[in-house]
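Biologist: I would like to go through the side-chain contacts in this protein. Can we take them one at a time?

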Amino acid sequence: MKKIIVASDSFKGCLSSSEVAHAAAEGIREVFPDCEVLEIPVADGGEGTVDALVRAMDGTLIRCRVHDPLMHIIESSYGILGDGKTAVIEMASASGLTLVPEEKRNPLLTTTYGTGELIKDALLRGCDRFLIGIGGSATNDAGTGMLQALGFRFLDGKGDELGKGGHILEKICSIDHSQVMPQLQTAVFTIACDVNNPFSGENGAAWTYARQKGADEWMIRQLDNGLKHFANIILETEQRDIDCIPGAGAAGGLGGGFLAFLRATLKSGVQMVLEVLDFDEQIRGADLLITGEGRMDRQTGMGKTPAGILEAGEKQGIPVIAIAGSIEDTGFLNQLGFLAVFPIQPGVVMWEKAMDKEFASQNIQRTVEQQLRIMRYFQSLK
């Protein structure tokens, strides 16, 4: 083996993607000490994306105070990559469901305003390229809160400015652009979006996701009516028909807000990350790819990081093996194209033990080392 790439997602709650890669690399070097090993932290646009790209691209973590979904001040963060122009943002860090206590969840009231504040902070620091993951939202405001933080004003029939939250959608009659940040004219937004829901309707943002954000059926109907109304206003005022675009319903319609007002491009999360990393070029000439995530099952094939790594490997004829804390449907994963998949646990262990960083790192190193010992043996027979 002359060149091996380790590109794993994080093992959520246990190890970051860079920590997984480092542990696997240690296992590789035990068997092939002269092998070139590239450790490439990756993610799929969700949790861990900022950390992975900041580490991989010599970036900086920026901390700032923003408003949470209920307009309480919190400390959040985002990344600026090494070029000084590219910001990486996870909307969940400012507008995520986990920031709202279960008894206070209400998508009629929650807002994406804090996400807009993160974007505003990055614009003021000179960023003009944005990579934004929009999973895990607490909101159904179609991005109006995010846009309000950037200077957009949503007005009712009397010309009065509306407040925040999903309840304003059915009241919007006009949109005032006069105070919009001028930096947005040249900013480019790429949105990590792995769902295909339209803006409104039975498969749209409200009916598909609002219940898990605290809505009852009456709220869902109000939210969906608001989304339909807002889509019509956008068509009239912005000349953009977003209602049926796949992905416009992501994150409570935030995907549609980005499309309509910020000319964003929606992409698979892992593909967005791999393009930024120039992954296809980095893996050129590799003998093996090692990837993984905390749990692998049938959902792995639905836009998760290992599936993206597998696709990249297959394009260049590079075999891909995977490791995970737990694995289900091994046969299915092999059919997807993984050469082999391996759980890292040495036996039955308590959850607390399995999630221990040192224990998990040791297991990753041991599992990778044992895999490669087999490969080295059969190479020696040639």
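**Side-chain contacts**

Modeller: Glu328 is partly exposed, as its relative accessible area is 40%. Keep in mind that this is a predicted model.

Biologist: Which residue forms a salt bridge with Glu328?

Modeller: Glu328 lies in the loop between β12 (320-327) and α12 (330-336), and its partner lies in strand β11 (residues 288-296), so the pair ties together parts that are 33 residues apart in sequence. The closest N and O atoms are 2.6 Å apart.

Biologist: How many salt bridges does the structure hold?

Modeller: The rule asks for a Lys or Arg side-chain nitrogen within 4 Å of a carboxyl oxygen of Asp or Glu. By that rule, the count is 15.

Biologist: Is Arg153, which forms a salt bridge with Asp176, buried or exposed?

Modeller: The closest N and O atoms of Arg153 and Asp176 are 2.6 Å apart. Arg153 lies in strand β7 and Asp176 in strand β8 (residues 174-176), so the bridge ties together parts 23 residues apart in sequence. Asp176 is buried, and Arg153 is also buried.

Biologist: Which residues do salt bridges that share partners join into one network?

Modeller: Start with Arg29 and Glu39, whose side chains meet in a salt bridge at 3.7 Å, N to O. Arg29 sits in helix α1 (residues 17-31) and Glu39 in strand β2 (residues 36-39), 10 residues apart. Arg29 is partly exposed at 33% relative accessible area, and Glu39 is partly exposed at 31%. Salt bridges that share partners make one network of Glu26, Arg29 and Glu39.

Biologist: Now the rings. Is the pair of Phe154 and Phe230 stacked or edge-to-face?

Modeller: The ring centres of Phe154 and Phe230 are 5.8 Å apart. Their planes meet at 80°, and the rule calls planes over 60 degrees apart edge-to-face. So the pair of Phe154 and Phe230 is edge-to-face.

Biologist: Which aromatic cluster holds Phe230 and Phe261?

Modeller: Phe230 and Phe261 form a stacked pair, 6.2 Å centre to centre with 20° between the planes. Phe261 lies in helix α8 (residues 250-262), 31 residues from Phe230. Phe230 is buried at 0% relative accessible area, and Phe261 is buried at 7%. The cluster is Phe152, Phe154, Phe199, Phe230 and Phe261.

Biologist: Which residue lies over the face of Phe332?

Modeller: Lys164 lies over the face of Tyr113, at 5.0 Å from the ring centre. Over Phe332 the distance to the ring centre is 4.4 Å, and the residue is Arg298.

Biologist: How many disulfides are there?

Modeller: A disulfide is a covalent bond between the sulfur atoms of two cysteines. Cys14 is buried at 9% relative accessible area, and Cys35 is buried at 8%. The disulfide count is 0.

Biologist: Last, the surface. Which residues form a nonpolar patch?

Modeller: Leu381 lies in the segment after α14 (357-380). Leu381 is exposed, with 53% relative accessible area. The patch has about 460 Å² of accessible area together, and its members are Ile374, Tyr377, Phe378 and Leu381.

Definitions and conventions:
Residues are numbered from 1 along each chain as its sequence is written. This is a predicted model: local features need pLDDT of at least 70, side-chain atom pairs count only at pLDDT 80 or more; totals for chains, interfaces and linings use all residues. Side-chain values use heavy atoms; hydrogens and water are left out. Patches are made of residues with over 30% relative accessible area and no salt bridge: like charges are joined within 9 Å, nonpolar side chains (Val, Leu, Ile, Met, Phe, Trp, Tyr) within 5 Å. Accessible areas come from the Shrake-Rupley method with a 1.4 Å probe; for residues, only the protein chains shown count as cover. Helices (H or I, at least four residues) and strands (E, at least two) are DSSP runs, numbered from the N terminus. Buried means under 20% relative accessible area, exposed over 50%, partly exposed in between (1.4 Å probe, protein chains only). Rings of Phe, Tyr and Trp (its six-membered ring) pair if their centres lie within 6.5 Å; planes under 30 degrees apart count as stacked, over 60 as edge-to-face and the rest as tilted. A charge sits over a ring if NZ of Lys or CZ of Arg is within 6 Å of the ring centre and within 35 degrees of the ring normal. A disulfide is a pair of cysteine sulfur atoms within 2.5 Å.
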